[in-house]
Amino acid sequence: MTEHETLEQRLHEQGISRRSFLKFCAAMATMMALPPSSATAIAAALSQAKRPSVIWLSFQECTGCTESLTRSHSPTLESMIFDLISLDYHHTLQAASGFAAEQARDEAMKEFHGKYLLLVDGSIPLKDGGVYSTIAGRTNLDMLQEAAAGAAAIVAVGSCAAFGGLPNAQPNPTGAVAVSDIIKDKPIINISGCPPIPAVITAVLAHYLTFGALPALDDLGRPKAFYGETIHDRCYRRPMYEQGKFAKSFDDEGARNGWCLYELGCKGPTTHNACATTKWNGGAGFPIEAGHGCLGCSEPKFWDVGSFYTPLPAPAADVTAFAQAAALAGAAAAVVLSTADRAKQRRAQRSRQKLTVSDLKGE
Amino acid sequence: MDQELLLWVRGTGLQIATAVFVLGMSYRVLHLLLLGRKPSLAVARGSEWAGGLRTMWQRSFMLPSLSGRGLFTVIAGYVFHVGFLITLFFLSQHIDLFRAVFGFGWPALPRGVIDVAAVLAIGAMVALLVHRFIDPVKRLLSGFEDFLTWTLSFLPLLTGFMLLRNIGFEYLTLLTLHIASVELLMVVAPFTKLAHMFTTFMARWYNGAVNGFKGINA
C-alpha cells in the first residue's frame with residue numbers, strides 16, 4: 001500500500017512497452033479533446049506520477065460500476081493504469097475484510113490526508129438517520145462525510161453517486177441523494193452512466209495525474225470532453241433520423257436495416273454521453289449498435305422520466321381521461337350558460353313595457 | 001433546461017394544456033350552437049344544407065373576386081395555413097404523438113417537404129407581420145390580441161424548425177421549448193380568435209345556409 005513507485009516502473013515490470021504507453025497517452029489526449037502535443041505532456045507526467053492513494057466507497061449501489069470497470073476492459077492498458085493507482089480501500093476488490101479493511105481505510109485517510117482521491121459509487125440514504133445502508137455499523141452519510149473531509153477531490157462514479165440514480169427513483173423509500181447533495185466544499189466530478197464508460201474513469205484519473213486538476217465540467221459536473229455531446233449527435237444512425245427512416249418495431253425490416261430507433265423510445269437526442277464514440281466492451285459497440293434505443297442512463301432522474309419505450313414526442317402521462325373530463329365540463333358549462341342566457345332573454349321579454357299611442361303623443 | 005422540465009411539459013403540462021384546450025373549445029363551439037336561430041316563417045327557396053356545405057367547400061379556395069382586394073394578404077395567408085397544417089399533420093414526430101394519443105397514425109411526408117412547408121409558413125408569417133405594420137388600414141385594425149395570437153402561432157413553428165434542423169440550442173432545450181410553446185397556444189387558443197380553428201367551418205356553414213334558404217346562389 002505504501003509502495004508508491006512511479007507508473008513507468010510498474011508498467012515496465014508488467015511488460016507494457018513504452019510504445020504502448022505513448023499510444024495510451026495519445027488516446028487519452030484525443031478522448032479528452034486536448035491538443036495533440038499534450039500527449040507527450042501526459043506521458044511525461046504519468047511516467048513520473050506516484051501512485052495516488054484512492055479510496056473507493058460503495059454505498060447504495062449494485063456493483064455494476066465496479067463490474068464495468070474491472071471486467072469489460074480487463075486485458076487493456078486502461079485497467080493496468082487503474083491497477084497502478086493505489087486503491088487503498090474498495091469493498092468489492094479488497095482482499096481484507098472486517099476490522100482489517102476498515103483499518104486500511106483509516107490509515108490511508110490519515111497518511112494521505114488532503115491528497116487522496118475519493119471515488120464513490122452508489123447513492124446515500126438520508127431517511128430515518130441513514131439506517132438503510134450501513135457499513136461496519138456506520139451509516140453511509142457518516143462514512144462519506146469523514147472520508148470527504150480529507151479528500152483532494154471526489155469522483156462520483158455512476159448515476160447513483162452522481163444524481164441519486166435508481167435508489168432515488170420515485171417514491172425514493174430510503175431518501176437517497178447524490179454525493180453533491182451532501183458535500184459542498186470539495187471539487188466533485190460526476191461520471192454518470194448506469195454503468196459509466198470505463199475509459200472515462202481512466203481518462204479523468206489520467207487528467208488529474210497529469211495536470212493536478214479536474215477537467216472542464218458541464219453544468220451537471222460531468223467532464224465536457226465526454227458529456228459535451230449527445231448520443232444522437234454522434235450516432236451512426238443519425239443519417240436515418242435526418243432522412244426520416246424509422247424502425248417501427250424491434251424486428252421489422254427497418255430495424256434489420258439499421259434504421260433510427262427514435263420511434264421505439266430512444267433517448268439519444270436528450271442524453272449526454274460518449275457511448276457512440278468511445279463505445280463499450282473494448283470498442284465492440286454500444287446499445288444502439290445492438291439494436292436497442294438509448295435509455296438515457298447518464299442523465300439525472302432517468303428512471304423517472306417516462307417509459308424507456310415511449311418516443312420523445314409522445315405524452316409522458318395519460319391525457320385522454322383529462323380530455324374526456326374537460327369535454328364534459330366544457331359542454332356542461334355551455335348548456336348551463338346558454339340556459340341562463342335564454343332565461344334572461346325570457347325575463348326581458350316578459351318585463352317589456354308595450355309602447356302605446358299615448359306614449360308617442362307624450363301624454 | 002433539464003430532464004425534469006421536459007418530463008413536466010410532456011406530462012403534467014400537457015395534461016393541463018389539453019384539459020384547458022378541450023374544455024375551452026367544447027364550451028365555445030357548443031355555446032355557439034346552442035344560441036340557435038328563430039325558426040324562419042318564410043317559405044324556403046332553397047336547401048339550407050346544400051348552401052351550407054357548398055360554402056364550406058368553396059371558401060376553402062381562393063376566390064378571384066376576393067383576391068383583388070388584398071392579394072398579398074390572401075396569398076400569404078394561404079401559404080401560412082397550408083404550410084402550418086402540413087408540418088402539423090405530416091411530420092413523422094407529430095404522427096408519433098397522434099398515434100400515442102388516438103391509437104392510429106398515417107404515413108408521414110418526406111422531411112424535405114416538411115422543411116419547405118415550415119420555411120414557407122415561417123416566411124409567410126413574418127411577411128404578414130411586416131405588412132401589418134406597413135399597411136395603414138391593418139395597423140389601425142391591429143390590437144393586442146392580434147400580436148398575441150401571432151406570437152403564439154409563430155413560436156411553435158420556429159422552435160419546431162430549429163429542433164428539426166438542430167439550430168441554436170440543444171435538442172433537450174428546443175424540445176422543451178417547442179412543447180411548452182404549443183401548450184401555451186393550446187391554453188390561449190379557445191379564448192381568442194384562434195378558436196377559428198374549430199368555428200371557421202361552422203361560420204361558413206351558417207353563412208351558406210342563410211343564403212341557401214333564401215335561394216341565393218353564393
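Here are some questions and answers on how terms are applied to this predicted model.

The model is predicted, with local features needing pLDDT of at least 70, side-chain atom pairs counting only at pLDDT 80 or more, and totals for chains, interfaces and linings using all residues. Residues are numbered from 1 along each chain as its sequence is written, while chains are lettered from A and ligands numbered from 1 in the order in which they are written.

Q: What does the predictor's confidence look like for chain B?
A: pLDDT is the predictor's confidence in each residue, from 0 to 100. Chain B averages 91, and 95% of its residues score at least 70. For the model, ipTM is 0.83 and pTM is 0.84.

Q: Why is H9(B) called roughly antiparallel to H10(B)?
A: Let's start with the angle. The axes of helix H9 (residues 144–164) and helix H10 (residues 171–188) of chain B cross at roughly 160° and come within 9 Å. Axes are lines fitted to C-alpha atoms, for helices over the stretch in contact, and angles run from 0 to 180 degrees between N-to-C directions. Angles under 35 degrees count as roughly parallel, over 145 as roughly antiparallel, 65 to 115 as roughly perpendicular and the rest as oblique. The crossing angle therefore makes H9(B) roughly antiparallel to H10(B).

Q: What makes up the contact of H9(B) with H10(B), by residue kind?
A: Two residues are in contact if their C-beta atoms, placed from the backbone, lie within 7 Å. Residues making this contact include B:Leu152 and B:Pro156 of H9(B), and B:Leu174 and B:His178 of H10(B). The contact residues divide into 13 nonpolar, 5 polar and no charged. Here Ala, Val, Leu, Ile, Met, Phe, Trp, Tyr, Cys and Pro count as nonpolar, Asp, Glu, Lys and Arg as charged, and the others, Gly among them, as polar.

Q: How many residues of chain A are in contact with chain B, and which helix gives the largest share?
A: In chain A, 35 residues are in contact with 34 residues of chain B. Helices H12 (238–243) and H15 (320–350) of chain A each supply at least two residues of that side. The largest share, 13 residues, comes from H15(A). By kind, the side of chain A that touches chain B has 22 nonpolar, 9 polar and 4 charged residues.

Q: Where in chain A does A:Pro171 lie?
A: A:Pro171 is in the loop between helix H8 (158–163) and strand E8 (176–177) of chain A. Helices (H or I, at least four residues) and strands (E, at least two) are DSSP runs, numbered from the N terminus. The peptide bond from A:Gln170 to A:Pro171 is cis, with omega near 0°.
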